[in-house]
Amino acid sequence: VRTKLSPANLLILGGGVLMFVGSFLAFYTFDDPVLGEFEVSAWDRALPLGVFGIATVAVLCGVLMAVQVGLKAFSDIDMPSRLLGFTWDQLHLALGTQAALLMVAFLLRDKRPLSFGIGFWAMFVGAMALLVGAIMRHLAAGRGPRAI
Amino acid sequence: MDPVPETSTPTCIPRTIPAPIPNARPKGGLKSPQTERVHGTLFIGTIRGGAVDGNKSPTPAELTILIAGGAAVIASFLDFAGGMSTWGSYVFPIAPLLPLYGAVMAIEIGLSTFAGRRMPRRVLGFTWEQIHLLLGLFAGAMAIGWLFTDLSRKSIGFWLEVAAGIALAVGAVRLQRERHTGAIG
């Protein structure tokens, strides 16, 4: 069992965990003058804004990446060198990019009169960590420098 | 008066065999990146059947991607939900991601199939087959994700986007089989 994680894998593992935990915290908050403050997580379907379902894709990307890194580092499971024809570095880059793109899209989306909650920011930071970790892995593998 | 050339003596005319074909592109479908590295040069210069002047008829998977990509782009301007298109407030720029993926896939297929353009073999270390698979699967995942959202008043644009996203995923998977990438099945 290998337990020493590279900085890239640490970022991915941390980012994935942060995204998963953040998805259960407040994604949007709203301070209603009558009803008081309420909040929705990425798993709630209380708002007609398309959070659940789409933010879920970002969370799944992060969880997949973190699980792969965790299993590789802390278990004896023999992983195939490729999945669907992709190397793991390629998959991390693709999943990290998708997660980051979705979270940036949520950041830019018009959400008035709602506000971002702590869960959104945790997911956003987690997604950025996933992307940076994936790029670092890609560069370290020696396949990316010229391409990127 | 010039002497008549002797016709009985065979002459050697140098020719390149096979003759170079303009705009020919390698047949997609190398088994794996390892195979590609070792045997890739063997396939250079071969083309798919039916190619004339760099154009060829699209395969079923390519046709699926072309139609689904086009439909996704067109649907993005129709009513998505609540009287807004994907480019409207509250869903932009999340909802346009799916038609954007479809557009990239369809444009690549269109350029390489109909325009005979030679696309770069790899982009950021990914082959075009891999890019199609990734974009197709992400489009499919987002289409299914949209299905479970609680957007109010889902309209024709929404359902077209969902259908197109799933079709893009199916087309991308079929493309792997058609081109024998070995990624699936």
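**Notes on a predicted model: salt bridges, a nonpolar patch and a helix**

1. Arg112(A) is exposed, because its relative accessible area is 58% and the cut-off for exposed is over 50%. Keep in mind that this is a predicted model.

2. What does Arg112(A) meet in a salt bridge? The partner is Asp110(A), and the N to O distance is 2.6 Å. Asp110(A) is buried, with a relative accessible area of 17%. The cut-off for buried is under 20%. Side chains of opposite charge can pair when their charged atoms come close.

3. Chain B has a salt bridge between Glu62(B) and Arg179(B). Their closest N and O atoms are 2.8 Å apart. Glu62(B) sits in helix α2, residues 60-75 of chain B. Arg179(B) sits in the segment after α5 (156-178) of chain B. The pair therefore ties together parts that are 117 residues apart in sequence. Both residues, Glu62(B) and Arg179(B), are buried.

4. Arg179(B) also forms a salt bridge with Glu129(B). Here the closest N and O atoms are 2.7 Å apart. Glu129(B) belongs to helix α4 of chain B, residues 128-148, and Arg179(B) to the segment after α5, so this pair ties together parts that are 50 residues apart in sequence. Glu129(B) is buried, as is Arg179(B).

5. Glu62(B), Glu129(B) and Arg179(B) are linked in a network of salt bridges. Over all chains, the count of salt bridges comes to four.

6. Now the surface of chain A. Which residues make the nonpolar surface patch? They are Val17(A), Phe20(A), Val21(A), Phe24(A), Leu25(A) and Ile118(A). The patch covers about 560 Å². Helix α1 of chain A, residues 7-22, gives the largest share, with three residues.

7. Look at Leu25(A) within that patch. Leu25(A) is found in the loop between α1 and β1 (28-32) of chain A. Is Leu25(A) buried, exposed or partly exposed? Its relative accessibility is 36%, so Leu25(A) counts as partly exposed. That class lies between the cut-offs of 20% and 50%.

8. Last, a length check on helix α4 of chain A, residues 118-140. The helix has 23 residues. After α4(A) comes Gly142(A), with a positive phi near 80 degrees.

Technical notes. Residues numbered from 1 in each chain as written. Chains lettered and ligands numbered in written order. Predicted model: local features only at pLDDT ≥ 70, side-chain atom pairs only at ≥ 80, totals over all residues. Heavy atoms only, no water. Helix = DSSP H or I, 4+ residues; strand = E, 2+ residues; numbered from the N terminus. Expected span 1.5 Å × (residues − 1). Patch = residues over 30% accessible without salt bridge, like charges linked within 9 Å, V, L, I, M, F, W, Y side chains within 5 Å. Areas by Shrake-Rupley, 256 points an atom, 1.4 Å probe, with all protein chains shown as cover. Salt bridge = Lys/Arg side-chain N within 4 Å of Asp/Glu carboxyl O. Buried < 20%, exposed > 50% of the residue type's maximum accessible area, 1.4 Å probe, protein only.
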